[in-house]
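Please read it with the coordinates open.

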Amino acid sequence: MTPVCGLLGEHLGHSYSPQLHALLGTYEYRLYERPPEGIEELMRDARWTGLNVTIPHKRAVIPFMDELSPAARQIGSVNTILRRKDGTLFGDNTDVYGFERMLLRSGLDARGKKTLVLGTGGASSAVLAALGALGARCVTISRSGENNYGNLERHADARLIVNATPVGMFPNNGAAPLELTGFKRLEGVLDLIYNPARTALLMEAQRLGIPCMNGLYMLVSQAARSSELFTGNPIPEARVEAACRQLDFSMRNIALIGMPGAGKSSAARALGLLTGREVRDCDEEIAKRCGETPAGIITTRGEDAFRRVESDTLRDLGKLSGTVIATGGGAVTREENYAYLHQNSVVIWLRRDLTALSAQGRPLSEARGVEKLFSERKALYERFADASVEADSDSEQTARAVLSAVRAAMEVI
Ligand code: NAP
């Protein structure tokens, strides 16, 4: 009989665990949404073999465990439970292992280094346990502690920063727990958040040329360790790596940029059919929000007013996951749109021969001329694009070319 495993938490709407465990193991994986008072009944229900545990139950399950692993005991939190053959419950915490793997994968060396660990929750305890074992010199930053966000200058000599707070996590994208510019000796930034793929903190690190990494590898590694516990079968590193790539690919948006008339909307629809992804067209979203088409807004209220609405719309679309986003031709003209798109999307520039671009019904192309518009924007398309695709063929072929470009770009971004 196929073993039953699953995830216990209170609200599991956005969980990637079922998708992830389907890549790692051969058990049935269910979601168990329970309020705190529903935990006891589930612990006594002998139909499941293994559980992952998420907020807010990681401490609450401890009294039901017959044995705790050293990691779970050390950090006082259980994120994995195995029901052994004799019916006893073994509680483990795989976040310590997950963070160790993430650190190793990042290539950063924490040994002996001053490291700021932001936050004092369960994730922070796991990070501190892993870093402590390596001999890093950790300082915990807490909103209410002796070392807090008001006296960070004390720690301007920090070499590593680990974000173990939820600041910047979906749906509060764009927020960052601190600014990095004051840390002149910084060698790396690790953010445990994986949605969005690039938090504001990681975007700043990238801008400053500081090596950085998000929490996806930790998520997959800790899940793999729990899967090993459920089945007793070791999971080779290559499978963890492949699961990480696959999850990353399915979580990322594909955003299309390019000149007006380059075929972004039709290529987006074709990509939707090809991949089964939801398609969101920025111009259509704007028309829905404003009750007026982009061309109408530009004609009646001017380009600046339109760009503001467009940025607001891109800010919301950019937070999505696993979606195809068709942008308007001028989406690259506002700097803030760079972060809105790049936080979670692979951005593909659709290039089409200028002579094939129609200006009809497009007020900016009509007013300035397609060639002038392109010369104003070419450098911006280059800056925004992770890759570009020739879009001179039909939309289905273009969609296939985009998909290949996305896969290739994800190897390097
Ligand atoms: P948590 O208990 O909700 O929060 C951790 C700490 O963050 C809190 O104790 C608090 O510390 C600080 N914090 C909360 N809100 C804040 C705010 N608005 N501003 C500044 N600090 C704030 O969360 P957790 O379970 O430890 O997880 C932390 C993060 O790690 C989450 O984003 C979670 O998704 C992520 N995580 C990722 C993985 C992975 O596999 N990648 C695994 C576990 C957790 P102070 O009150 O002391 O400031």
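The points below cover the pocket, the nonpolar cores and the aromatic pairs.

1. Basis. This is a predicted model, in which local features need pLDDT of at least 70 and side-chain atom pairs count only at pLDDT 80 or more, while totals for chains, interfaces and linings use all residues. Residues are numbered from 1 along each chain as its sequence is written, and side-chain values use heavy atoms, with hydrogens and water left out.

2. The largest pocket has a volume of about 1600 Å³. Of its 48 lining residues, T54, I55, K58, M169 and Y194 are closest to the centre. A pocket here is an open set of points on a 1 Å grid over the protein atoms alone, where a 1.4 Å probe fits, with protein on both sides within 12 Å along at least five of seven lines; lining residues have an atom within 4 Å of a point. The volume is the space filled by probe spheres set on the points, which are joined across faces, edges and corners.

3. Lining. Two or more lining residues come from each of α1 (17–24), β3 (50–53), α5 (122–134) and α7 (216–231). α7 gives the most, with 4 residues. Helices (H or I, at least four residues) and strands (E, at least two) are DSSP runs, numbered from the N terminus. By class, the lining holds 23 nonpolar, 21 polar and 4 charged residues. Asp, Glu, Lys and Arg count as charged; Ala, Val, Leu, Ile, Met, Phe, Trp, Tyr, Cys and Pro as nonpolar; the others, Gly among them, as polar.

4. Cores. The largest nonpolar core has 49 residues, and L256, I257, I348, L350 and V402 have the most contacts inside it. Helix α16 (residues 395–412) supplies the largest share, 7 residues. Apart from this core lies another of 37 residues, including L24, V127, L192 and M213. A core joins buried Ala, Val, Leu, Ile, Met, Phe, Trp, Tyr and Cys residues through side-chain atoms within 4.5 Å. Buried means under 20% relative accessible area, exposed over 50%, partly exposed in between (1.4 Å probe, protein chains only).

5. Aromatics. The count is 4 aromatic pairs. Rings of Phe, Tyr and Trp (its six-membered ring) pair if their centres lie within 6.5 Å; planes under 30 degrees apart are stacked, over 60 edge-to-face, the rest tilted. Y27 and Y29 form a tilted pair, 6.4 Å centre to centre with 45° between the planes. Y27 is buried at 9%, and Y29 is buried at 15%. Y338 and F384 pair edge-to-face, at 5.2 Å and 80°.
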